[in-house]
Amino acid sequence: MRPFSALDRIPETPWLDKPASALRKTVFKLLGRRKPRDVLHGVWLGHPLHPMVVQVPVGAFLSAGVVDALPHRGRGERRAAESLIRVGLLASLPATLSGATDFAHGHEEQQRTGLVHAVANGIALTSYLLSLRWRAVGAERAGRAAGWAGLLMTTAGGLMGGHLSYHQSTGANHADAVPHIAPDGWTDLGAFDELPDRIPTRRTAGEVPVVVLRDGTALHVLADRCSHASGPLHQGTVSWSAEGSPCLECPWHGSVFRVSDGSVEHGPATAPQPGFHARVVDGRVQAVVRHFPGVPAGG
Ligand code: FES
């Protein structure tokens, strides 16, 4: 058995669903509106917010641990360690809120690991609060011990956060492969007249499922599997942005993409949906994936 393969058992643990569901409901109660959720997901950045903001508390807590480990610690070092812990605790607020918002839009097995990640981080924060308290009353050794316990739990929480991202693809772009696996040339998607107006329709370009939206004479083609967590966009609903652009809302967690270019209107997705160029030739719809300049599609 490899050192960290036991972490793969966490997503296979159904009894975690009950507390995870309670946490998810609490998050939705606190963050019921879409706008703050979009901010916390990182839609405005075009990148998940959580992995960026966790750097500050992790860095501050690690630095406090290093200062606490110095052999000759005077008043200055003690104050530095306390200040670093305070910075870490303050910076944990945006990290916690953004992480909780991402957690609430995950699959069940992701939420199981997310719950354990949250508990580890919760114990870490409690340890740091105790550490500050004990330092304030002169119990320096207990304060340092609590700080190191906090650092240990921060590391455990970070390990599970990495597992969530790398093994369970939480926050990763689930449509990233489309420009590589879609055919390199124009592909037939069927007769234009057979497409219902303003109703998303599933077709396949080679092996790649795509969603086609006909809007009058205009045609839009996007990859069908949502960049957030692979939801089927052809089962989604059509809406219009404030500027009047047609959009598709994912049926799984409500991400909204502009069909003209796949850009994200609302999260939880932060990565745009891969798009296709579309045309009609002799009454037949054809599409070709928009691939990266200089990188051929189809391989
Ligand atoms: S799969 Fe989550 S919003 Fe589409």
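Analyst: Happy to! Let's start with Pro-268, which is found in the loop between strand 8 (264–266) and strand 9 (275–281). Please keep in mind that this is a predicted model.

User: What makes the peptide bond between Gly-267 and Pro-268 stand out?

Analyst: Its omega is about 20 degrees, and the bond is cis. Most peptide bonds are trans.

User: Which residues is Leu-40 in contact with, leaving aside its neighbours within four places in sequence?

Analyst: Contact means heavy atoms within 4.5 Å. With those neighbours set aside, Leu-31, Leu-49, Leu-97, Ser-98 and Thr-101 are in contact with Leu-40.

User: And what is noted about phi of Ser-169?

Analyst: Phi of Ser-169 is near 55 degrees, a positive value, and the residue is not a glycine. Most residues other than glycine have a negative phi. Ser-169 sits in the loop between helix 7 (140–166) and helix 8 (178–181).

User: Why does Ser-169 count as partly exposed?

Analyst: The partly exposed class runs between the buried cut-off of 20% and the exposed cut-off of 50%. Ser-169 has 26% relative accessibility, so Ser-169 counts as partly exposed.

User: What about Arg-198: what is its phi, and where is this residue found?

Analyst: Arg-198 has a positive phi of about 60 degrees and is not a glycine. Arg-198 belongs to the loop between strand 1 (187–191) and strand 2 (201–205). Its relative accessibility is 43%, and therefore Arg-198 counts as partly exposed.

User: Let's step back to the whole chain. How many of its residues count as buried?

Analyst: Of the 299 residues, 45% count as buried. The chain's secondary structure comes to eight helices and 10 strands.

User: What are the domains, and how do you know that they touch?

Analyst: The domain assignment gives domain 1 (5–166) and domain 2 (178–289). Their contact takes 11 residues from domain 1 and 14 residues from domain 2. Between them, domain 1 and domain 2 bury about 860 Å², with 54% of that on carbon and sulfur atoms. The C-alpha centres of domain 1 and domain 2 lie 37 Å apart.

Methods: Residues numbered from 1 in each chain as written. Predicted model: local features only at pLDDT ≥ 70, side-chain atom pairs only at ≥ 80, totals over all residues. Heavy atoms only, no water. Helix = DSSP H or I, 4+ residues; strand = E, 2+ residues; numbered from the N terminus. Buried < 20%, exposed > 50% of the residue type's maximum accessible area, 1.4 Å probe, protein only. Domains from an automatic or database assignment. Buried area = accessible area lost by both parts, 1.4 Å probe.
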